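Here is a short report on a protein structure. Keep the 3D view open and follow along, one region at a time.

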Amino acid sequence: MYIYSEEEKNRVIYDHDALIIGAGLSGLRVAIELAQKHDVAILTKVQALRSHSVAAQGGINAALREDDSWEMHAFDTVKGSDYLADQDAVEILTQEAPRAVIENELWGTAFSRTPTGNIAQRPFGGAGYPRTCYAADRTGHNLLHTTFEQAMRLGIKFYDEFFATSLVRDDNRIVGVTALEISSGAVHGFTAKAVVVATGGFGRVYARSTNALINTGDGCALALRVGVPLKDMEFVQFHPTTLYGSSILITEGARGEGGHLLNAKGKRFMGKYAPDKMELAPRDIVARAIRTEVLEGRGFEGRYVHLDLTHLGKDRIMERLPGIREICVHFAGIDPIDEPIPVLPGQHYSMGGIDCDKYGNTTLPGLFAVGEAACMSVHGANRLGGNSLLETLVFGRVVGQKVIEYLGSAKSPSKQVVDDEAYRIREKLQTMTIKEQGESLHELRTKLTEAMDDYVGVFRNANDIKKALKVIREVRIGFENLALGEMDQRFNYSLIRALELENMIDLAESIAQGALMRKESRGAHWRVDYPNRNDEKFLKHSLATLTPEGIKISYKDVNLGRFEVKERMY
Amino acid sequence: MLFRVARSREGGKITHYDLYKIQEKKGMTILDGLFQIQDRMDPSLAFRYSCRGAVCGSCAMLIDKEPRLACRTQILAVKDEALKLKPFPPLTDAPPGWDKKTEILIEPLPNLPILKDLVVDMTKFYKSLEDLKLWMEPLESKHPRLQSPDEREVIRRYVNCIMCAICYGSCPVNFENEEYVGPAALAKAFRFEQDSRTTDPERYGEAARKSNGAPLCDLVMNCVKACPKGVAPGGAIRKLKQ
């Protein structure tokens with residue numbers, strides 16, 4: 001039961017010019033941009049270094065060399081997106097890429113190097129040039145730690161282990177956030193003229209995901225609930241190579257370094273699916289190829305295939321892929337120097353997210369989105385490896401600049417509105433924690449996430465998606481009757497996980513509804529009952545909005561540009 | 001397998017231990033076991049987690065009296081592995097009733113204040129990074145700096161640190177002396193000092209050699225044995241001392 005001390009009840013509302021939710025690369029980069037001019041703070045449910053950016057392995061794309069160009073990078077990105085990316089946003093991504101990489105090098109990131117001391121680059125899926133810069137297979141780790149160091153240098157204020165419980169709107173603008181302080185159980189109001197959602201993706205909507213356990217898309221769900229649409233939610237990336245058993249990511253860099261995919265007959269099979277690019281076709285294509293091999297009976301134990309690195313030799317594996325070797329040894333008991341790695345596709349990345357433009361502006365003035373939580377869209381229907389780390393650093397800066405512009409003319413927010421909302425959230429949490437008998441959190445979460453795996457996966461059809469929607473409705477009803485069985489205020493992780501599940505229910509419905517309505521196959525969204533791309537009807541972004549009757553889908557145009565829409569072959 | 005888990009509802013000190021029966025299967029980690037408890041037996045159990053893949057550094061704790069990452073420790077292998085650390089009280093004072101053969105003992109990471117159950121207060125650990133100013137002063141330039149593969153190799157070990165605080169929790173000096181900044185911060189200072197790109201290497205060495213830093217290290221080397229990422233802070237501190 002929540003009982004507040006007099007002090008807590010009377011706590012002055014926290015106030016900042018701008019509040020960023022999420023302390024991964026995107027959130028940190030926005031904060032760094034703002035720090036010199038404005039009072040900015042980051043609110044995050046885990047300490048910054050525990051953010052999922054840390055897990056990115058393979059690299060970050062940038063056209064650094066003279067025989068590469070941002071136009072080539074842009075073309076690869078747009079083609080990889082199956083032409084659904086907004087080409088104006090892709091231009092910013094690729095033009096600004098070298099600047100973003102160089103900036104982080106100057107901040108101290110220990111990129112791997114060529115013999116002459118330049119930043120090393122490796123080939124990656126769907127790219128016409130080896131433009132993926134890397135720090136061994138720990139690129140995200142290196143970028144995150146370095147960027148956090150710079151945030152520390154600037155003295156940026158962090159609210160660590162605060163879980164955002166709602167965005168607060170006053171008429172037609174954002175005025176703040178409410179958040180649960182995990183260490184005390186107190187709900188606080190935060191007023192801010194601008195709020196930036198940088199909460200990352202929502203991979204944990206699926207049971208088998210490479211994502212950190214914290215990737216529950218909280219910011220996306222909060223935005224949806226204050227009337228901001230989500231975009232292209234049906235486009236979920238399934239990474240071809242996740243470790244059998246634990247679903248931990250095995251980087252595309254393993255194939256970039258020359259790794260082969262083998263079926264149970266010991267044969268390389270990618271030639272059948274992508275004769276030119278082979279193992280380095282884009283992720284959607286490789287994931288479907290592996291699923292097809294397994295479905296046609298050429299998988300191991302009916303589940304997985306092999307990723308073979310043994311021919312690379314010990315030295316190359318130790319130098320370029322030491323983290324992969326560690327993961328295999330510790331989580332699968334396998335040494336990739338001596339034997340192949342069992343892999344299968346698993347959820348990896350959310351192309352969809354909060355509907356915003358190339359500057360992060362959402363439909364609600366003052367509310368911005370950035371990184372995986374946002375959908376600008378630079379990835380369209382399928383993201384290329386090496387473009388997500390890039391998105392965080394490029395658009396972290398761009399969105400930061402736009403927030404500064406917005407703050408110049410923004411009105412001060414109403415404390416009363418935020419205070420009223422904090423009161424409402426306290427009542428809501430009290431109701432959630434007081435129930436003694438009811439549905440089990442664990443069972444509801446398992447039911448939801450397994451339905452998404454089974455029915456809205458690599459290959460989709462209308463019947464399966466409808467099954468998923470039925471389960472989602474059942475879980476939603478069950479959630480109303482949830483009993484946590486834990487009444488402690490402090491560090492109540494059961495309550496946190498319940499709030500995450502509440503968020504994931506809305507996101508799962510958005511994904512499934514978007515997938516049902518999109519009667520075509522494009523990028524990562526593959527409908528076996530509509531196996532062709534249909535540009536006439538669906539060269540469009542889908543928009544999911546929350547209505548009293550549930551999620552409704554509408555469409556809007558894609559920003560096309562210099563690259564003509566063509567059939568996608570590799 | 002049985003888990004004997006340290007509990008502390010209000011924080012401060014361990015008040016008691018709870019015993020849970022875990023349904024284990026091959027490949028299951030200590031973290032999986034803790035989730036099984038939270039999901040099915042006792043939703044009040046508090047512990048930190050994030051990546052479950054040994055890269056985020058959230059889930060450091062004391063497992064069978066050795067500081068480890070819960071996500072990277074296999075239940076079935078715990079009893080076969082030993083870090084062979086130099087003993088100090090948190091590693092030797094076993095709770096009464098603990099049956100070493102049949103129970104895995106799980107306790108909060110030593111040397112940091114307990115907030116609740118397995119959650120410790122990392123404030124002091126993070127603060128040392130700020131106190132030692134462990135960041136690079138950014139340069140204004142349109143071009144990246146050169147660094148040879150050999151020069152990068154000098155700092156490779158140290159940039160792999162995930163700030164899990166296992167070294168801090170394994171160090172007898174951190175146990176005895178609250179002032180000591182600990183191995184992770186010193187290893188990071190050494191990394192900046194040694195980085196061929198650093199323009200002011202002296203300041204990191206000076207910060208690390210202050211009275212609450214490298215001089216306090218007794219070169220016990222528990223940090224080197226316990227580090228899950230092969231960072232080997234003790235080697236860096238030895239060089240800082242010289």
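## A buried helix in chain A

Start with α7(A). Its buried residues are A:Asp218, A:Gly219, A:Cys220, A:Ala221, A:Leu222, A:Ala223 and A:Leu224. The model is predicted, so keep that in mind throughout. After α7(A) comes A:Gly227, which has a positive phi, near 90°.

## A partly exposed loop residue

Now turn to A:Glu96. This residue sits in the loop between α4 (87-95) and α5 (97-107) of chain A. Is A:Glu96 buried, partly exposed or exposed? Burial takes 20 or more C-beta neighbours within 10 Å. A:Glu96 has 19 C-beta neighbours inside 10 Å, so it counts as partly exposed.

A:Ala62 lies 34 residues from A:Glu96 along the chain.

## Strands in chain A

Chain A has an open sheet of 3 strands. Their order is β3-β5-β4, and the pairing is antiparallel. Which strands form the edges? They are β3 (60-61) and β4 (121-122) of chain A, each pairing on one side only. Strand β5 of chain A, residues 132-133, pairs with β4(A) over 2 bridges, in the antiparallel sense. A:Gln121 has A:Cys133 in β5(A) as its bridge partner.

Further along, look at strand β13 of chain A, residues 305-308. It runs antiparallel to strand β12 (residues 260-262) of chain A, and 3 bridges join the two. Another 3 bridges join β13(A) to strand β14 (residues 341-350) of chain A, again antiparallel. Follow A:His306 across these strands. A:His306 in β13(A) is the bridge partner of A:Leu262. A:His306 also stands opposite A:Pro342 in β14(A).

## Two domains of chain A

The domain assignment of chain A gives domain 1 (243-346) and domain 2 (423-557). Their centres, taken over C-alpha atoms, are 30 Å apart. How many residues of domain 1 of chain A are in contact with domain 2 of chain A? There are 5, and they are in contact with 5 residues of domain 2.

On the domain 1 side, helix α10 (residues 283-295) of chain A gives the largest share, with 4 residues. By class, this side has 2 nonpolar, no polar and 3 charged residues.

## Where the chains meet

Chains A and B also touch each other. Here 42 residues of chain B are in contact with 42 residues of chain A. On the chain B side, the elements that give two or more residues are α1 (30-41), β6 (114-116), α3 (123-131) and α4 (149-159) of chain B. Which of these gives the most? It is α4(B), with 4 residues. The chain B side divides into 21 nonpolar, 12 polar and 9 charged residues.

## Chain B as a whole

Chain B has 10 helices and 7 strands. Its C-alpha trace spans about 55 × 35 × 30 Å along its principal axes. A compact globule of 242 residues would have a radius of gyration near 18 Å, and the 19 Å of chain B agrees with that.

Of the 242 residues of chain B, 52% count as buried. Take the contacts in chain B between residues at least 6 apart in sequence. Among these, 66% join residues at least 24 apart.

## A buried residue in chain B

B:Ala226 belongs to helix α9 (residues 222-226) of chain B. Why does B:Ala226 count as buried? It has 23 C-beta neighbours inside 10 Å, and 20 or more are needed.

Leave aside the neighbours within four places in sequence. B:Ala226 is then in contact with B:Pro67, B:Leu83, B:Leu85, B:Ile166, B:Cys167 and B:Ser170. B:Val5 lies 221 residues from B:Ala226 in sequence and 21 Å from it in space, C-alpha to C-alpha.

## The largest nonpolar core

In soluble globular proteins, nonpolar side chains tend to be buried together. Here the largest nonpolar core has 259 residues. The members that touch the most others are A:Leu43, A:Val177, A:Val195, A:Val196, A:Ile354, B:Ala165 and B:Leu186. Helix α17 (residues 493-517) of chain A gives the most to this core, with 13 residues.

Beyond its neighbours within four places in sequence, its contacts include A:Leu19, A:Ile21, A:Tyr159, A:Phe162 and A:Val177.

Key
Residues numbered from 1 in each chain as written. Chains lettered and ligands numbered in written order. Predicted model: local features only at pLDDT ≥ 70, side-chain atom pairs only at ≥ 80, totals over all residues. Buried ≥ 20, exposed ≤ 12 C-beta atoms within 10 Å, placed from the backbone. Contact = placed C-beta atoms within 7 Å. Nonpolar A, V, L, I, M, F, W, Y, C, P; charged D, E, K, R; others polar. Pairing = 2+ DSSP bridges. Domains from an automatic or database assignment. Core = buried A, V, L, I, M, F, W, Y, C linked by C-beta atoms within 7 Å. Rg over C-alpha atoms; globule rule 2.2 N^0.38 Å.
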